[in-house]
Amino acid sequence: MNKELRAAIVYPSYAAFNLYGGFEGTWVHHGISSIIAYSEKMWQTIDLIDLRRLESWADFENKIKNYSLVGYSILSQDVGTAMKAIEINKRINPAVKICAGGVHVSLKKENFLDNRDVDFVITGEGEIAFYNLIQALINHEEVGREAEGEKVTLDELPNINRQNWSGEEPAGFAGLVKPFFTLISSRFCLYNCSFCQPCSRIVFGGKERVRSPRHVIKEILELKAKYGLKSFFLVDDNVFQNRGWLMEFAGLYQANGIEAKFVLSGRSNNICANKDLLPLLKQIGLEYVIVGFESGSQKILNYLRKGTTV
């Protein structure tokens, strides 16, 4: 067994300190969860500190003070909260090593490399890079300030530990009941909308990578057996972009008799292209399809590089 370092990852959500319920206050952060699960597979424990579950900054100070390494996974909407948390973390424990990563850091890494409170920056996917950083610190190896994450094979990642998080709420989805879970099956959307690209390519690369339908079904069955899953949301940006995957998933879902209601997201043009699958999906449990319309103006759709028409 490897030697361990006392490490944590903070989810510095703007919805900190129980400000919100629903998806903002309860849904799992799958990127953080995957980094923790990968390290646990390699016999390295990483604690989760979810600011949404804390009461105050004083509570955060108490939680954070004794770690040797703390990672922060930062979305653009969470930058203000993250920077305050990092400042507090470094002030109460000057010896701690701070690592910043996540989508915003991948896009604006220079802001974090220039920050004297940040010791390390990881861009792209963090599972392997964060684990390697821990091992380097344990072994007293020299480590550069910046590392680019390695692309992972999604079927080789372990399922995330749901006990790290509080229960997710099916907020806004009338008819969906708890136990409710969010799952994710792919990384990267094929399209070029200006509000996602080139961000998605920078973080995940230029090619869609997917978990096999069998791998996702196995996780659903485990959640059903362990927690009694009754509904879920497959939160991929656009499940309908991969017809072959969706057909195989539907067949396995039906064959395993899962009988849970679920939600999918998709682009309007892909939903129309796969409309023949909708009766089967509805029959096996599809309750909602989330569609990003963005605008009713063709001029705006073109400006956003949406690739669809009104």
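Pro213, Arg214, Val216, Ile217 and Ile220 of helix 9 are in contact (heavy atoms within 4.5 Å) with Trp245, Glu248, Phe249, Leu252 and Tyr253 of helix 10. The residues of this contact comprise 8 nonpolar, no polar and 2 charged, where Ala, Val, Leu, Ile, Met, Phe, Trp, Tyr, Cys and Pro count as nonpolar, Asp, Glu, Lys and Arg as charged, and the others, Gly among them, as polar. The model is predicted, with pLDDT of at least 70 needed for local features and 80 or more for side-chain atom pairs, while totals for chains, interfaces and linings use all residues. Residues are numbered from 1 along each chain as its sequence is written, and side-chain values use heavy atoms, with hydrogens and water left out.

The crossing of helix 9 and helix 10 is right-handed, that is, the near helix is turned clockwise from the far one by less than a right angle.

For helix 3 (residues 57-64) and helix 4 (residues 79-92), the axes come within 10 Å and cross at roughly 50°. Helix 3 is therefore oblique to helix 4, and the crossing is right-handed. Trp57, Phe60, Glu61 and Ile64 of helix 3 meet Thr81, Lys84, Ala85, Ile88, Asn89, Arg91 and Ile92 of helix 4. Of the residues in this contact, 6 are nonpolar, 2 polar and 3 charged.

Methods: Helix = DSSP H or I, 4+ residues; strand = E, 2+ residues; numbered from the N terminus. Axes fitted to C-alpha atoms, helices over the stretch in contact; angles between N-to-C directions. Parallel < 35°, antiparallel > 145°, perpendicular 65-115°, else oblique.
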